[in-house]
Every structure is written in C-alpha cells, then in structure tokens.
Amino acid sequence: MRLPGIRPRVAVWLIAVTAFFVRLLHVLSYESAPTNDMSVYVDMAVRRLSLANLFSMDGLCWFPPGYALFLKPFFLLLAPGSALVAVKVAQAALGAWSCVLVCRLARRSHTRLAGLAAAVM
C-alpha cells in the first residue's frame, strides 16, 4: 500500500528528524545538573572508571557500568557542564535512530505501512 504524495523513505526520515527535535526539546528543557541515578553514573564515569581506581576500593560501584562507559568519552573530551549537554543530544539522536530501526523491523516483518505506523508511535 502506498501513501499518496510522499515517498516512504522520506516519511521515515521526516519521522526521525521530528523525533530527534522533540526529544532534544525535552532533554534541553530542564537543568543539566545530574540528579539521583544520573549523579551516580556521572560519578562512575568521572571518578570510578579511571586507571587509578580500577583495582582499588574506590573503583567499586553497585550500578552496572554500561551507561557509565557510554558517558566516559564525553567527560574525557568536554568540560562537565558541556559534557552533560552533549550526552543529552546524543541520547536524543539515539532515540530518533530507534524510530528508524523500529520502522525497518516492522516493515520487514509486516508491511511498509506497519513500519511507518510503528515509527510514529
């Protein structure tokens, strides 16, 4: 089934760009100071995931290290305030990319229209 007036590939990228800007508007609308779990992950990325603390008691943490490993390059390359903003932009981009991936998955397992509907959701 074809949608009138717009190519499906263009529609998917319009959905992805819209999703990116909606996510970006949301994540940039609140203060960038880390709170609750985010402060633990920032602490892990900045202080605990270093070579000096790798085999010491300071390097231990009760949270899984995956998200802290995602944060670490941002804090290595940027100042802490701008690193948090860059992390939020990266998370918005990853969220928008997930819309494209969901669309492709639904399109392969069902129809092109199902893929577009899944991407919009």
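How many aromatic pairs does a search of the whole structure find? It finds four, where rings of Phe, Tyr and Trp (its six-membered ring) pair if their centres lie within 6.5 Å. One of them joins Phe20 and Phe21, edge-to-face, at 5.3 Å centre to centre and 70 degrees between the planes; planes under 30 degrees apart count as stacked, over 60 as edge-to-face and the rest as tilted. Tyr67, Phe70 and Phe74 form one aromatic cluster, and we will meet these residues again below.

A word on the ground rules: this is a predicted model, in which local features need pLDDT of at least 70, side-chain atom pairs count only at pLDDT 80 or more, and totals for chains, interfaces and linings use all residues. Residues are numbered from 1 along each chain as its sequence is written, and side-chain values use heavy atoms, with hydrogens and water left out.

Let's step back to the overall plan. The chain has five helices and zero strands, counted as DSSP runs (H or I, at least four residues, for helices; E, at least two, for strands) numbered from the N terminus. Of its 121 residues, 31% count as buried, meaning under 20% relative accessible area with a 1.4 Å probe, protein chains only.

Now follow H3 onto H4. Their axes, lines fitted to C-alpha atoms over the stretch in contact, come within 9 Å and cross at roughly 125 degrees, on a scale from 0 to 180 degrees between N-to-C directions. That makes H3 oblique to H4: angles under 35 degrees count as roughly parallel, over 145 as roughly antiparallel, 65 to 115 as roughly perpendicular and the rest as oblique. On the H3 side, Tyr67, Phe70, Leu71, Phe74 and Phe75 meet H4 residues that include Pro80, Leu84, Val87 and Leu94, with contact meaning heavy atoms within 4.5 Å. By class, this contact has twelve nonpolar, one polar and no charged residues.

Finally, H4 (residues 80–109) meets H5 (residues 112–120), with axes that come within 7 Å and cross at roughly 155 degrees. H4 is therefore roughly antiparallel to H5. Cys99, Val102, Cys103, Ala106 and Arg107 in H4 face H5 residues, among them Arg112, Gly115 and Leu116.

Methods: Buried < 20%, exposed > 50% of the residue type's maximum accessible area, 1.4 Å probe, protein only. Nonpolar A, V, L, I, M, F, W, Y, C, P; charged D, E, K, R; others polar.
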